[in-house]
Amino acid sequence: MNLGRLFRSELQFRWGHSLLGLLAVFLTVSVVAAVQMRLNWQRADTLRVLENNRQEVEDLFDTLEDEMRKITKAMGFNVMVLPAEQNLADFYANDFAANTMPEDYVYTLANAGIITVQHLLPILQQKVFWEEESSTTLVIGVRSEVPLADSMPKSPLLQPVPSGCIVLGYELHANKDWKEGDQLVFQGQTFTIHELKPQRGNKDDITVWIPLETAQTLFNKEKQISAILALQCKCAWADIAKVREELVRILPGTQVIEFSSRALARAEARNQTAETRKQVLDQENRNRQSILLREERFASTLVPLVSLGSMGLLATLTFFNVRDRKSEIGILRAIGLSRSHVLILFLGKAACLGLVGMLPGLVAAITVMTQMSIPEGALPWHAGLQAYPLLIIAFLTPALQCIAAWAPAVWAANQDPANILHED
Amino acid sequence: MLILSQLSKTYHRSDRKSVEAMKEVSLILKPGCFASVQGASGCGKSTLLLTAGLLQRPDHGVVEFQKEDVYALSREKRATLRRREIGFVFQQFHLIPYLTLLDNIRLPDCVETEDEGEQRAHALAKQLGILHRLDHTPGELSTGERQRVALARALYGKPSLILADEPTGNLDPDSTQRVLDELSRFTQQGGMVLMVTHDPTASAHATHLFKMENGVLETS
């Protein structure tokens, strides 16, 4: 005879009570383990879907990039018309044209009726020391595009800077507290900030754009320009030699260089594609994570609710069990069982119910998982079967049952045997 | 030896009426002594028995058992002393309904397993005439048989003192005789019995008779 035999016999004797306790444990473990496995499966399948999607998007964008490369092969190119006396070595070294030519050249070019050039943009460039901010900057005076004669109006490639405004490259505003609409002083004149450019990683970062007329006045170069940008030079037969030949024929006092290659355009297109690819993948990732989060939130409500319900039921059952066994507690204490023995008697019973109810609960949860409807191509149900969470459930179940039974068990242990025996 | 000295116990009830269950009760019980305390219901007999059984601390007085002031001991030590030295027999038997007779007799083994416990349980069952019922549960027994099981359980731990509360209260004459004979035999073997009863037949087996009235114990 021992305590184990005592509570085993009692479990059998009060089988209805024991069955109810087992049922509570069984249902709780079934629900908790099934939810846990379902979440594990969902996580694993989400990873699979994301990986598949990533691969699909990668393939799609690889195709797109290839198509873009083919398209940009036929894309037009950009050339710059410079004064004939401009030393090209200086131009490449300083990254701007110091010499100027009459602004009229651009109108001559525009009215010449050439068909290979899509956009014409006159600019005046000057490298200056910005006295107010103590920094060297490249100033570009720009205006709106000059319309081409005998040609349909085109959407502008570059936006002009409004009168009285200024556009700043990244390095010029990076450490300042400026924002668009603020006013600043540049070379003694007050300008309104029209735009603050993001970082480009080239000379644009130290460039200031102002209206062409303002630049001409500022540098005392009235009606003068440094260069004409002929953008998107394009026709079926066009190549750089052909365009150069055509432009120099119209403007004899000039020279022509290609300033933005097709390779650069292709690179920009590829960068844009890569950025879009990343955005598409991120969006898909966010969507899947959102679904997973929703399921996790549901589980985080359901699991504590079911667990607390089960613990509450077991606490109530233990309370009634103590009440029913008062006389037994009295005689057990009289024959020499201590309070801790009585405590063990009731907690042992709770742990026993936890252990016995837990095993079929786990089996039921696994059975539910096997019956779960799984979309075609998704991972099999056993992807959610992980030993570690199940071991935690197996360990926690009897422990939580003991916690639930703790208060009534302590109440039982604190029963005064003299009172009980007296009452009887 | 059990020595009760000047024991007093008052129950304070919620209606502010106090009941004095024991008033300076003194009693000495030596080995071989079978003491019977007679008295009407509510006179304090059960309080006396539970106090002697180390289950109820008196308000005043000392309970000395085997030369130790038992209420100076910790609860755990009192439980151990009770387990090893004292057997209880109650009018309501207090058998565990879901255990067989054998397990009921061996109930003290829950804490401390007795050497050759099963043999001893069988011997006691034979001595008390319930050997053929060892696999039965208390619900399947007659009242007399139940009391004999309770007596066997009390004797199982080889106690030096048996405290019996109306042990024959629910029994027929034959069963009463059998139980009293066993208690007498226990005292003849050096044990001590303190029995509270209002049954004169039961008291006739005692070597020392006491009478209790309104919490006061007197020699009869």
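Trainee: How much area do chain A and chain B bury between them, and what share of it is on carbon and sulfur atoms?

Mentor: This is a predicted model. In it, chain A and chain B bury about 2,500 Å² between them. Of that, 65% is on carbon and sulfur atoms. On the chain A side, Met1(A), Ile335(A) and His422(A) lose the most area to chain B, together 27% of what that side buries.

Trainee: How many residues does each chain bring to the contact?

Mentor: Chain A gives 29 residues and chain B gives 27 residues.

Trainee: What makes Asp103(B) and Arg5(A) a salt bridge?

Mentor: The cut-off is 4 Å between a side-chain nitrogen of Lys or Arg and a carboxyl oxygen of Asp or Glu. The closest N and O atoms of Asp103(B) and Arg5(A) are 2.8 Å apart, so the pair qualifies. Elements giving two or more residues to the chain A side include α1 (3–13) and α10 (339–370).

Trainee: Why is Asn104(B) called buried?

Mentor: Buried means under 20% relative accessible area. Asn104(B) has 0%, so the label holds. Asn104(B) sits in helix α3 (residues 101–105) of chain B.

Trainee: What does the side chain of Asn104(B) reach, and how do you know that is a polar contact?

Mentor: The side chain reaches the backbone nitrogen of Ile96(B) at 2.8 Å.

How values were computed:
Residues numbered from 1 in each chain as written. Chains lettered and ligands numbered in written order. Predicted model: local features only at pLDDT ≥ 70, side-chain atom pairs only at ≥ 80, totals over all residues. Heavy atoms only, no water. Helix = DSSP H or I, 4+ residues; strand = E, 2+ residues; numbered from the N terminus. Buried < 20%, exposed > 50% of the residue type's maximum accessible area, 1.4 Å probe, protein only. Polar contact = N/O pair within 3.5 Å; in protein donor to acceptor, adjacent residues only side chain to side chain. Contact = heavy atoms within 4.5 Å. Buried area = accessible area lost by both parts, 1.4 Å probe.
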